[in-house]
Amino acid sequence: MSAKPATQLTAPRPSKLKPAIPSGVLGVLIFIFTEIMFFSGLISAHTIVKSQAAGQMWPPYGQPRLPVGETALNSLALLVSGVVLVFTWFAFKRDPERARIPLLISIALGLVFVGFQGVEWVALLSEGLTMQSSAYGGFFYLIVGSHAIHAVGALIALIWAYDRSSKGRLTSTQLGTVSAFWYFVVLVWPVLYWQVYL
Amino acid sequence: MADTLVEVQKQEIHGQDHEHHDQGFVSKYIFSTDHKIIGMQYMFTGMLMAVIGGYMAYVFRMQLAFPGISVPGFGQVSPGEYNSLITNHGSIMIFWVAMPVLIAAFGNFLIPLMIGADDMVFPRINRLSFQVFFISSVVLLISLFVEGGGFGGAWTSYPPLSANADYNQTQLGASLWLIAVALEFVAFLLGGINFITTLMNSRAPGMKAYDIPMVCWMIVIASILFMLSVGPLLAGAVMLLFDQTLNTGFYDPARGGDPILWQHLFWFFGHPEVYVVLLPAIGITVEVMATFSRKKLFGYKLVLYTAVATGVLSFFVWAHHQFIAGIDPRMANVFTVTTLLISVPIAEMLFVMIATLYGGSITLTTPMLWALSFLAEFLIGGVTGIFLGASGADIYFHDTYFVLAHFHYTFFPIAIIGTFCAFTYWFPKMFGKMMNETLGKIHFWGTIIPFNFIFIPLFVLGMGGQHRRIYNFEHFPEIAGPEYFQLREIATIALLIMLAFQAVFFFNVVMSWWKGEDAGKNPWKANTLEWTTDSPAPHGNWPVEDLPTVYRGPYEYGHPDREEDYWPQNLPG
Ligand code: HEM
Ligand SMILES: [Cu+2]
């Protein structure tokens, strides 16, 4: 075995560890990584099936086109909502009271996005695009639906944060945690839009 | 989703003012948030599932060796039942035994104790994790008894067989199986978040990255691998569930879907998954080896980086399970190379174990015997993997008993040997009593010897070209000559002997728990922090004002400047 001592014989008492990222935020970040992989799985499945479509017809014969333009506009609402949430964060840092209005705007824009997506679905269903009508329809509802579920979940969390802030009990870790999840919902959307709609 | 977030918030508040009041039985043992209790819950549920999985193996091995007999304790096995038994045996052993016991049970029990924390960072998410896991086990068991019987499409659940009830004949069983697996994954996601965050943020003062005991690192790296690989499988599982229940066509080529897609999504998870269970077992083994050879772990950083490298590589080998599924042969070449590459870090870890043992003063306690046998048996599993990884050879070997023997030589050391190793080593800390060594050794030999007699014959059968997943070989005289029957009988009889010896283990646990010798704080004279508190550790692990502080790495055995041959991590000098 080695002759030299591996560590000093007497050491000063070490101090308490300081976490680089607060635990709540770290937990959500890990969760988001898993979610990114989940959506990557959906997207790669979609890409594979699309590339093998009979006669390279995508959408297949007889299936409606997706409303590319309207959805682009709707996506804008979502993106703006994300930007407003960034402002919420800086406002909160200066004065938690001032964060309430931008938080509310962010939530409202998010609700607009989800609402219009719902309207769009109803229209597509009436045009004959269903989960069973083709792999195209299946993937559309699967991918966009997964995103919608996440959006609704994240909105509930934002509303919860708003409720706490109106009682003056919102902490910065809580706001950071909830926001991280909403940023995720906002930022995957352009990728999904590009893959599914374009 | 939102609920989880809300939970996260609550935890944070909870974490700050930890309650330490007296609790009643139900809140103490059933709805506890104490990481040690949750670890035990995972362990006992896992062991119960292992007994069920073992029973299934007994039934179908009887059918294989003695086709058509009425199996005592089961009766005649029909083809459908046979398929369902092998499917659920595999699923149970991997998802309801290896993962919950190695990762969840020992991760929960060990991580806070070994890093000097009073509990996990998110105790309530932890409790939720077990509850979801428990529900998943119940759903799986229910799926065996519904109309049509349990799912029989193999643990890999390939479509179109699994996607369409016209083919598999188990409408309800197939969906329940899938839901159970998905729930189990959710449970491990919740657990994994806890493990990673706790290791990052709750370490004792002074515990730097290289002072963390290796088993904690391994469990956390395994959790990270799991988190990164499970997403695509969950995506695939949702699609499969929709195919089964909503009549979509994701995997149906007639409707524009693609059945091979599932294989990619499954194995993209499935191969990292084997390292998810392997790494904790390696961590346990090196921990035990260092203690009982009174030597420093050889190459701490090397092991750590190797584990990370293995983890990264494991995402690039999945298609070696699909060599004959019609993938592009050029792709098969690439995956052959990555597969052979990944055996290098694995081999390296085994060499590290040997180097740790070399020149040590070895005591052959029961946990040490288990650790040594892990090394010996896993080696065979790893070496045979290299044959399978060569795509040319695999054309012949795929789906034969050779593959089956290969992965049992990896999984058995991991899930069974690794568990017994950890259980016998940490039993004194869990229950405050020593286990009986004589019984422990009888159980050890009674398990290891029959194990080899089960699976070496199966290697031979596989090389003879016998396929797995065949209900009755008498129906296929051209692939099953009569000379092979003897080998099958040897395997089955060895299994019966091995199962019988497990009674010794349960007897030993009960007797030792009841009347064993008191263990004291540190019966093995080990260095890591869990041995500095009482056995069993109290709620909160250490007195609040007296949480440990760390001054050195975990493996300072046989230090030349000290009288004792060990040097606990928490001693200032
Ligand atoms: C040295 C590293 C390893 C190599 C090179 C390797 C290689 C392979 C290959 C090429 C196959 C596919 C054979 C076929 O289906 O034709 C295979 C199957 C398998 N391996 Fe390994 N393996 C290794 C380690 C492990 C470990 C550590 C585990 C488990 C913890 C494991 C578990 C499995 C399982 C479960 C299967 C069969 C899956 C099935 O078809 O049901 N392997 N291995
Ligand atoms: Cu593999």
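Apart from neighbours within four places in sequence, Val286(B) contacts Met214(B), Leu297(B) and Met353(B). The model is predicted, and the predictor assigns the complex an ipTM of 0.90 and a pTM of 0.91.

**Val286(B)**
- Helix H9 of chain B, residues 259-292, holds Val286(B).
- Val286(B) counts as buried because its relative accessibility is 2%, and the cut-off for buried is under 20%.
- Leu64(B) is 222 residues from Val286(B) along the chain, and 37 Å separates their C-alpha atoms.

**Ligand 1**
- The shell around ligand 1 has 24 residues, of which Trp155(B), Asp394(B), His398(B), His406(B) and Arg468(B) are the closest.
- Eleven residues of this shell are nonpolar, ten are polar and three are charged.
- His398(B) places a polar side-chain atom 2.7 Å from an oxygen atom of ligand 1.
- The side chain of Trp155(B) has an N or O atom 3.0 Å from an oxygen atom of ligand 1.
- For Arg468(B), an N or O atom of the side chain is likewise 3.0 Å from an oxygen atom of ligand 1.
- Two or more shell residues come from each of H9, helix H11 (329-357), helix H12 (366-389) and helix H14 (401-431) of chain B.

**Confidence in chain B**
- The average pLDDT of chain B is 91, and 96% of its residues score at least 70.
- Residues 1-20 of chain B have pLDDT under 50, and the model gives them 44 contacts beyond four places in sequence.

Conventions
Residues are numbered from 1 along each chain as its sequence is written. Chains are lettered from A and ligands numbered from 1 in the order in which they are written. This is a predicted model: local features need pLDDT of at least 70, side-chain atom pairs count only at pLDDT 80 or more; totals for chains, interfaces and linings use all residues. Side-chain values use heavy atoms; hydrogens and water are left out. Helices (H or I, at least four residues) and strands (E, at least two) are DSSP runs, numbered from the N terminus. Buried means under 20% relative accessible area, exposed over 50%, partly exposed in between (1.4 Å probe, protein chains only). Contact means heavy atoms within 4.5 Å. pLDDT is the predictor's confidence in each residue, from 0 to 100. A residue is near a molecule or strand if one of its heavy atoms lies within 4 Å of it. A polar contact is a pair of N or O atoms within 3.5 Å; within protein, one must be able to donate a hydrogen and the other to accept it, and residues adjacent in sequence count only if both atoms are side-chain atoms. Ala, Val, Leu, Ile, Met, Phe, Trp, Tyr, Cys and Pro count as nonpolar, Asp, Glu, Lys and Arg as charged, and the others, Gly among them, as polar.
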